[in-house]
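I opened this model to look up its ring pairs, core, surface and charged pairs. My entries are set down by topic.

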Amino acid sequence: VTCLALSENNRVLVTGSKDTTVMVWIRDPVRNEISSSYPRHILYGHDDEVSCVVVAVEMDVVISASKDGTCIIHTLRSAQYVRSIYPPGQTVPIKWVGMSSTGNIMTYSEANRTLHSYTINGRLMQSADIKMQLTSFYFSRSGKYLVTAGSRGSKGIFLVLSCNSLKVKSREETEEPIRSVAISESEHHMLIGMDDGSVMVYALNEGIMRKLTLMKLKILGF
């Protein structure tokens, strides 16, 4: 197994493997175990090992990325092949794939340090040369922003990007390379795991926080 993803309801586990297959497992969240020793589905289509997987129960999709430079979308319930996504330019391994709550699909390739944004139908919307090695990714609940972090040389950098335009909305540097990022339940603070083992806490940009708050109030009818 090279990668895995757990659904938000904790009932579906998806794994990717070196043998190029993707497996869908059903979990019992009460017992905290796999319900069967056999996968519900085995998904095929890649020509090299799977590097990253995503599962979204509400959207009925499983997305897998591979070292072969492609992303493949299958339906979760019936395991039907939907489409393949081929990032533009030279074929390079895809390190990460993610999907926002609004259905935006994003990929990152370490070889050329480029982010690509696609619609759920696989249409390319934007590309951005990040010029740094990314190690962590997090979508805001609204689906409007991508928080990502990594390193350039001996410095760490984290960015808040617009999912639609890939424009940088906020940028901060740290003295050590960044290994991982987590966001608080309120999405007001960011916890950053550093290369030296320390953890830093940042308050997100006030403008970003204000937009997120206004979006939540609008959803609530205010």
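The entries below start with the ground rules and then go through the look-ups.

**Ground rules**

I am working with a predicted model, in which local features need pLDDT of at least 70, side-chain atom pairs count only at pLDDT 80 or more, and totals for chains, interfaces and linings use all residues. Residues are numbered from 1 along each chain as its sequence is written, and side-chain values use heavy atoms, with hydrogens and water left out.

**Aromatic rings**

I searched the whole structure for aromatic pairs and got three. Rings of Phe, Tyr and Trp (its six-membered ring) pair if their centres lie within 6.5 Å; planes under 30 degrees apart count as stacked, over 60 as edge-to-face and the rest as tilted. I looked at W96 and F137: their ring centres are 4.0 Å apart and their planes at 5°, so this pair is stacked. The pair joins distant parts of the chain, with W96 in strand β10 (residues 96-99) and F137 in strand β14 (residues 133-139), 41 residues apart. Strands (E, at least two residues) are DSSP runs, numbered from the N terminus. Both W96 and F137 are buried. For burial I use relative accessible area: buried is under 20%, exposed over 50%, partly exposed in between (1.4 Å probe, protein chains only). I also noted that ring pairs link W96, Y108, F137 and F139 into a cluster.

**Core**

Which residues have the most contacts inside the largest nonpolar core? I found W96, V97, I105, L115, I130 and L146, in a core of 30 residues. Such a core is a set of buried Ala, Val, Leu, Ile, Met, Phe, Trp, Tyr and Cys residues joined through side-chain atoms within 4.5 Å. Strands that each supply at least two residues of this core include β6 (50-56), β7 (61-66), β10, β11 (105-109), β14 and β16 (155-162).

I then listed neighbours, with contact meaning heavy atoms within 4.5 Å. Leaving out residues up to four places away in sequence, I105 touches I63, I73, I85, V97, G98 and M99, among others. T107 is found in strand β11 and counts as buried, at 0% relative accessibility. With the same exclusion of residues up to four places away, T107 has contacts that include C71, P87, I94, W96 and V97.

**Loops**

N32 has phi near 55° and lies in the loop between β3 (22-28) and β4 (33-34). L166 has phi of about 60° and lies in the loop between β16 and β17 (168-174). Is each buried or exposed? N32 is exposed at 57% relative accessible area, whereas L166 is buried at 6%.

S154 sits in the loop between β15 (145-152) and β16 and is exposed, with a relative accessible area of 54%. I noted that S154 and E175 are 21 residues apart in sequence and 7.3 Å apart in space, C-alpha to C-alpha. S154 touches E175, E176 and P177, not counting residues up to four places away in sequence.

**Surface patch**

L191, V199 and V201 make a nonpolar patch on the surface, with about 270 Å² of accessible area together. Patches are made of residues with over 30% relative accessible area and no salt bridge; like charges are joined within 9 Å, nonpolar side chains (Val, Leu, Ile, Met, Phe, Trp, Tyr) within 5 Å. Accessible areas come from the Shrake-Rupley method with a 1.4 Å probe, and for residues only the protein chains shown count as cover. L191 is found in strand β19 (residues 189-194) and is partly exposed at 38%.

**Salt bridges**

How many salt bridges does a search of the whole structure find? I got eight, a salt bridge being a side-chain nitrogen of Lys or Arg within 4 Å of a carboxyl oxygen of Asp or Glu.

- R31 and E33 meet at 3.9 Å, N to O; R31 is exposed at 62% and E33 partly exposed at 38%.
- E49 and K67 have their closest N and O atoms 3.6 Å apart. E49 lies in the loop between β5 (41-43) and β6, and K67 in the loop between β7 and β8, 18 residues apart. E49 is buried at 16%, while K67 is partly exposed at 40%.
- R179 and D195 meet at 2.7 Å, N to O. R179 lies in strand β18 (residues 178-183) and D195 in the loop between β19 and β20 (199-203), so the pair ties together parts 16 residues apart in sequence. R179 is exposed at 54% and D195 partly exposed at 37%.

Note on methods. Helix = DSSP H or I, 4+ residues; strand = E, 2+ residues; numbered from the N terminus.
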